[in-house]
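Keep the sequence and the structure in view while reading.

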Amino acid sequence: MKPLRNVGEGPRRGLVLGGGGLLGAAWTVGALTAIEDATGVDMRTVDHILGTSAGAVTAAMLGAGVSVRQLYGHQLGRPVDGPLAGYLWDYDHATGGSRPMRPRLGVGSPRLVTRNITRLRKLPPTAVLAAFLPEGRGDLRSIGDLVAAVSPDGAWSPHPGLWIVAMDYESGRRVPFGREGTPEAPLSEAVMASCAIPGWFAPVVIDGRRYVDGGACSATSVDLLAGLGLDEVFVVAPAVSFSSDRPRALLSRVERKWRVRVTRRCLRETDKLRAEGTKVTILCPGPDDLAEIGGNVMDTTRRLRVLETSVRTSAELLASYSESAA
């Protein structure tokens, strides 16, 4: 892929794509569509792209030169050009459906627990939960095949600033694959690792170590972009919400409470960038989006409604930010 932007041209920008399941991935494509419409910035041209879990797949696509418009058309099942031309992918069934397979017996990562026994309270609660959950049986090879179809075989991304976040399942540490000093891995394997939801999908082994969903540490990991001297960062966070709906279903109510914790962490992370003078714009689902998402972010029967709603609500949120700044 030829560079879409030369280093040193215009503001230095970053893009953070957070986790949020299959519905979060659809919502993200809608939000990216709204960002490009509002700003005119091609999201493939930003200096750094950071992806976690479902956001890792979209990040890999952008890094390989797939445009937001092509991602949008592909979600709708339309023929697209570019790196995804002719590649068919079943968004609704490729990862196994809306419910996980019965997991294996036993604790998923006893070593994570024993190595951190004196500091479990300092770890993110989701990381501790991930350690105790049984190992999943789900297969992510379809996602690996999708990423491999648009990126060099066995290599990293054509985009030099792409980072993919997973969690080391033995230590509980975040690992931003692609960043200097982290283990080398084919992009397809790093993305699969980032998507390996504990208890749902099997951990992904890279260079002899097991990795799981980076969202077990943080749904966004915005703070990993601190210190890079970025002028502006867009955070597209389908697991964050600044305002919520009032669902009746128990699963949806539990999911909304989890969002409160995720939102607080995201704001703490963005404070680190803002303290450096970086402009940070956060896009996240609002009440209309949440009504479409429901309580199960893997329920693909809602996918197209979530996508279309996101285009509208994200545009409205961006417009409100502009009015506030005026």
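The lining of the largest cavity consists of 17 nonpolar residues, six polar ones and one charged residue. Here Ala, Val, Leu, Ile, Met, Phe, Trp, Tyr, Cys and Pro count as nonpolar, Asp, Glu, Lys and Arg as charged, and the others, Gly among them, as polar. The model is predicted: local features need pLDDT of at least 70, side-chain atom pairs count only at pLDDT 80 or more, and totals for chains, interfaces and linings use all residues. Residues are numbered from 1 along each chain as its sequence is written, and side-chain values use heavy atoms, with hydrogens and water left out.

The predictor's confidence in each residue is given by pLDDT, on a scale from 0 to 100. Its mean over the protein is 93, and 97% of the residues reach 70 or more. Residues 1-5 have a pLDDT below 50, and in the model this stretch has twelve contacts beyond near neighbours in sequence; a contact means heavy atoms within 4.5 Å. Where pLDDT is low, the predicted coordinates should not be read in detail.

Cavities and pockets are found on a 1 Å grid over the protein atoms alone: a cavity is a set of points where a 1.4 Å probe fits but cannot get out, a pocket is an open set with protein on both sides within 12 Å along at least five of seven lines, and lining residues have an atom within 4 Å of a point. Grid points are joined across faces, edges and corners, and a volume is the space filled by probe spheres set on the points. The structure holds one cavity of 30 Å³ or more. The volume of the largest cavity is about 310 Å³. Its lining has 24 residues, and the closest to its centre are Leu 22, Ala 25, Ala 54, Val 57 and Ile 143. At least two lining residues come from each of α1 (21-39), α2 (54-63), α3 (68-75) and α6 (141-150). Helices (H or I, at least four residues) and strands (E, at least two) are DSSP runs, numbered from the N terminus.

One of these helices, α3, is mostly covered, with seven of its eight residues buried. Buried means under 20% relative accessible area, exposed over 50%, and partly exposed in between (1.4 Å probe, protein chains only). Among the buried residues of α3 are Leu 71, Tyr 72 and His 74. Their cover includes α1, α2 and α10 (303-325). After α3 comes Gly 77, with a positive phi near 80°.

The largest pocket has about 1200 Å³ of space. It is lined by 43 residues, of which Thr 126, Leu 129, Ile 197, Trp 258 and Val 297 are the closest to its centre. Two or more lining residues come from α5 (125-132) and from α8 (250-274), and α8 gives the largest share, eleven residues. By class, this lining has 22 nonpolar, twelve polar and nine charged residues.

Ser 243 sits in the loop between β7 (232-236) and α8. Ser 243 counts as partly exposed because its relative accessibility is 38%. Leaving aside neighbours within four places in sequence, Ser 243 contacts Pro 285, Gly 286, Pro 287 and Leu 290.

Over residues 19-24 the chain is 67% helix and 0% strand, while residues 15-226 are 33% helix and 13% strand.
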